[in-house]
Amino acid sequence: MPRHDHAVRPPAHPPTGRPSAGPRPSAGPAGTRPLGSPWPASARPGPGGDLLIGGVGLVEAADRFGTPLYVLDEAEVRSRARAWRRALPHADVHYAAKAFLCSAMADWIAEEGLGLDVCSAGELRLAAAAGFPAQRILLHGNAKSPEELRLARRLRVGRIVVDGLSEIPGIAAPADAGTPQRVLLRVVPGIAAGHHSAVRTGTDGQKFGFRIAGGDAAEAVARILGRPGLDLAGLHCHLGSQITDTAPYLAAVDRLVALLAAVRDRHGRELPELDLGGGHGIRYLPGDGELDPARFARAVGTRLAERCAAHGLAVPRLIVEPGRAIAGPAGVAVYRVLSVKHTADGRRFAAVDGGMSDNPRPALYGSAYQVRPVGRSGSGPTAPTDVVGRHCEAGDVLVRGAAVPVDLRAGDLLAVPAAGAYQLSMASGYNLVGRPAVAAVRDGRIRLLIRRETVEDFRAREVGR
């Protein structure tokens with residue numbers, strides 16, 4: 001895909017060496033102070049009611065590239081990636097590509113020294129085409145196809161997470177005992193964590209991994225160790241998404257270290273790696289909690305050392321998989337109001353040109369967001385308004401009860417923060433609206449990363465009539 005640059009691309013950050021601290025917002029005059037979380041650190045009010053992200057006005061961005069538009073702050077992505085590396089200097093930090101992936105994101109992640117966690121052939125092929133180092137790629141997923149496993153082996157990815165017994169011969173078949181494939185075993189520790197039942201993946205009775213209770217995980221360990229083409233490097237778990245407390249991770253450490261000890265006692269083998277997955281929560285609203293990387297690292301590191309000492313184990317190398325925690329706060333979605341409607345029962349709706357096709361999270365999980373008018377001067381009276389999408393679903397509501405100007409009208413712009421994760425990656429072609437464009441900003445410059453999807457793109461997939 002051609003790159004649409006509107007300025008010289010900034011130099012890449014080196015992939016090695018100690019990560020530097022992220023950019024600090026300047027205090028500045030009152031009218032230019034940063035907005036604060038959940039907005040990117042670079043977000044500041046601009047002239048005429050504009051909003052600047054990475055030094056670029058959203059009014060200019062919307063005029064140039066149209067709406068809906070997703071604006072991704074490159075410096076925010078890099079700063080958050082460095083924060084995880086700085087907090088865990090002796091661990092492997094893998095960015096969870098399912099949060100959002102494009103070639104530019106793969107470049108930034110590689111340049112910041114992180115690995116990449118993928119869960120499909122599509123994500124794996126995009127990463128490979130972008131030149132991401134295969135040894136820093138981890139493949140997982142509960143239903144890997146034979147083709148995906150063969151692709152992973154051919155590309156020589158660093159690790160494959162085993163999620164079912166049928167995968168064991170599938171991974172081992174093309175493997176050479178002289179160069180065995182490193183694998184992790186995904187276990188289910190029986191811990192409920194996450195903001196919604198649909199994303200709590202660490203509990204028993206669901207499709208992922210092997211239960212510790214009942215011996216499923218122990219059986220899988222024995223089978224893998226019996227395959228000379230496989231190298232069982234460690235255990236993997238994923239508890240859920242949008243977790244803002246360290247307690248679930250500490251409970252997982254307790255149960256997984258006990259399993260590591262059981263593997264040693266039964267097979268005489270100490271596994272050198274422990275992957276605690278991702279799910280680290282961010283702020284969507286100003287009052288939300290957020291899981292700080294340094295706090296996470298201190299708590300988990302201390303508990304892991306204590307439990308390993310109690311079992312007489314060497315401390316395994318930790319692996320973590322932040323996705324939302326890196327991409328989410330870096331994204332801002334920009335919509336244009338199409339209509340404002342007042343109903344007889346006193347309700348007020350502002351319909352925008354996007355909706356559940358580019359952000360399904362409110363409809364799926366009841367997720368809450370903040371919204372801010374863009375390009376309007378002054379601070380007049382507001383009225384509670386449901387900001388709704390354009391799709392043929394009553395549940396297509398982006399923000400309920402948003403405080404927006406009483407004189408909001410068609411043509412006005414609205415911006416929604418914390419839009420960088422699990423929005424475009426879960427976007428659909430509902431009503432053939434087409435997925436939005438994505439632009440990157442940094443140091444006052446903007447460039448298009450992904451063009452808007454068009455009707456011609458949909459028609460190009462048709463092969464007959």
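## Helix packing and buried polar residues

Helix H2 (residues 74–87) and helix H9 (residues 293–311) pack at an angle of about 25 degrees, with their axes 9 Å apart. Helices (H or I, at least four residues) and strands (E, at least two) are DSSP runs, numbered from the N terminus. Axes are lines fitted to C-alpha atoms, for helices over the stretch in contact, and angles run from 0 to 180 degrees between N-to-C directions.

Please keep in mind that this is a predicted model, where local features need pLDDT of at least 70 and side-chain atom pairs count only at pLDDT 80 or more, while totals for chains, interfaces and linings use all residues. Residues are numbered from 1 along each chain as its sequence is written, and side-chain values use heavy atoms, with hydrogens and water left out.

**The protein overall**

- The protein has 12 helices and 22 strands.
- Of its 465 residues, 52% are buried, where buried means under 20% relative accessible area, exposed over 50% and partly exposed in between (1.4 Å probe, protein chains only).
- Among contacts between residues at least 6 apart in sequence, 70% join residues at least 24 apart; contact here means heavy atoms within 4.5 Å.

**Back to H2 and H9**

- H2 and H9 are roughly parallel to each other, because angles under 35 degrees count as roughly parallel, over 145 as roughly antiparallel, 65 to 115 as roughly perpendicular and the rest as oblique.
- Their crossing is right-handed; a crossing gets that name if the near helix is turned clockwise from the far one by less than a right angle, and is left-handed if anticlockwise.
- On the H2 side, Ala83, Trp84 and Ala87 meet Pro293, Ala294, Phe296 and Ala297 of H9.
- By class, the contact of H2 with H9 has 7 nonpolar, no polar and no charged residues. For these classes, Ala, Val, Leu, Ile, Met, Phe, Trp, Tyr, Cys and Pro count as nonpolar, Asp, Glu, Lys and Arg as charged, and the others, Gly among them, as polar.

**Two further helix pairs**

- Helix H4 (residues 121–129) and helix H5 (residues 146–155) cross at roughly 25 degrees, and their axes come within 10 Å.
- H4 and H5 are therefore roughly parallel to each other, and H4 passes H5 in a left-handed crossing.
- Ala121, Leu124, Arg125 and Ala128 of H4 meet Glu148, Leu151, Ala152, Arg154 and Leu155 of H5.
- The contact of H4 with H5 divides into 6 nonpolar, no polar and 3 charged residues.
- Helix H7 (residues 216–225) and helix H8 (residues 247–267) cross at roughly 50 degrees, with axes that come within 11 Å.
- H7 and H8 are therefore oblique to each other, and their crossing is right-handed.
- Ala217, Ala218, Val221, Ala222 and Leu225 of H7 make the contact with Leu259, Val263, Arg266 and His267 of H8.
- The residues of the contact of H7 with H8 divide into 7 nonpolar, 1 polar and 1 charged.

**An enclosed helix**

- In helix H3 (residues 103–111), 8 of the 9 residues are buried, so H3 is largely enclosed by the rest of the structure.
- Among the buried residues of H3 are Asp107, Trp108 and Glu111.
- Gly113, with a positive phi near 85 degrees, follows H3.

**Buried residues with polar side-chain contacts**

- Arg447, in strand S22 (residues 445–450), is buried with a relative accessible area of 6%.
- The side chains of Arg447 and Glu74 make a polar contact (3.5 Å). A polar contact is a pair of N or O atoms within 3.5 Å; within protein, one must be able to donate a hydrogen and the other to accept it, and residues adjacent in sequence count only if both atoms are side-chain atoms.
- Gln181 belongs to strand S10 (residues 181–188) and counts as buried at 3% relative accessibility.
- The side chain of Gln181 makes a polar contact of 2.7 Å with the side chain of Arg153.
- Not counting residues up to four places away in sequence, Gln181 touches several others, including Ile160, Ile171 and Leu230.
- Between Gln181 and Ile160 the C-alpha to C-alpha distance is 7.7 Å, and they are 21 residues apart in sequence.
- His391 sits in the loop between strand S18 (382–388) and strand S19 (397–405), and counts as buried at 6% relative accessibility.
- A polar contact of 2.7 Å links the side chain of His391 to that of Ser357.
- Leaving aside neighbours within four places in sequence, the contacts of His391 include Met356, Asp396 and Tyr430.
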